[in-house]
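The sequence and structure are shown first.

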Amino acid sequence: MSKEVLNSLLKEYEQKKIYAELEAEKRKEELYKRIPKLQQIENELNSFALLTTKNILSNQTVSLDELYKKIELLKQKKETILRENGISSKDLKPHYECSICKDTGYVSQENLDTKMCNCLKQKLLDVSFDKSNLSNLNKENFDTFNENLFSDEVDLAKFRFNISPRENIRNIKQKCREFIENFDLPGTKNLLFTGNTGLR
Ligand SMILES: [Zn+2]
């Protein structure tokens, strides 16, 4: 997988993330305009958060408990107002396409390492799938395979085969089916297609 593909996907992810967060911000703003009390609580929460940080930095641990209690109370107030208006706090959060990685493409593990999220892995697979023409599978598959396109006349001089092209393509189709059916068996060998440019 080329680096450019990953980079362009990551750019897409960044935009998706920014969009989801801006949209959530807008939703919140509109809600706060409608219910000013929520804005007031938010302001208080912000100033308490600042105060808490200041207290931690200056080691004034005594009043911290008091602050936490006030913050908790404000949060409860906020929850109540939201509930009364039929809104859950989830409704205020950004609507990411992938809630697992929050549209970053990566997730943190317990050992603090990051690993690629399944959604990004899937996107990478989709890109290689498209590039390999395999995405046409719903149109081009064994069921839609038309062997009548191949002549049923043996032409030894032209094809140097004592069977007709139709018989030949039927054999190839059979081999391909066997290959697919036995794909997971350890003894199964690869298939190699050779021919002129454009062979698929
Ligand atoms: Zn994800």
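## Terms and basis

Axes are lines fitted to C-alpha atoms, for helices over the stretch in contact, and angles between N-to-C directions run from 0 to 180 degrees. Helices (H or I, at least four residues) and strands (E, at least two) are DSSP runs, numbered from the N terminus.

The model is predicted: local features need pLDDT of at least 70, side-chain atom pairs count only at pLDDT 80 or more, and totals for chains, interfaces and linings use all residues. Residues are numbered from 1 along each chain as its sequence is written.

## Overall architecture

The protein contains six helices and two strands, arranged along the sequence as α-α-α-β-β-α-α-α. Its C-alpha atoms fill a box of roughly 95 × 40 × 30 Å along the principal axes. The radius of gyration is 31 Å, whereas a compact globule of 200 residues would have one near 16 Å (taken over C-alpha atoms; the globule rule is 2.2 Å times the number of residues to the power 0.38).

The domain assignment gives domain 1 (20–96) and domain 2 (141–188), with bounds from an automatic or database assignment. The centres of the two domains, taken over C-alpha atoms, are separated by 68 Å.

## Helices H2 and H3

Helix H2 (residues 36–57) and helix H3 (residues 64–84) have axes that come within 10 Å and cross at roughly 160 degrees. H2 and H3 are therefore roughly antiparallel (under 35 degrees counts as roughly parallel, over 145 as roughly antiparallel, 65 to 115 as roughly perpendicular and the rest as oblique).

Residues in contact (C-beta atoms, placed from the backbone, within 7 Å) include Ile41, Leu45 and Phe48 of H2 and Leu67, Ile71 and Leu74 of H3. By class, this contact of H2 with H3 has 10 nonpolar, two polar and five charged residues (Ala, Val, Leu, Ile, Met, Phe, Trp, Tyr, Cys and Pro count as nonpolar, Asp, Glu, Lys and Arg as charged, and the others, Gly among them, as polar).

## Helices H1 and H4

Helix H1 (residues 3–34) packs with helix H4 (residues 118–131) at an angle of about 130 degrees, their axes being 11 Å apart. H1 is therefore oblique to H4. Val5, Leu6 and Leu9 of H1 meet Leu120, Lys123, Leu124 and Val127 of H4; the residues of this contact divide into six nonpolar, no polar and one charged.

Terms used: Contact = placed C-beta atoms within 7 Å.
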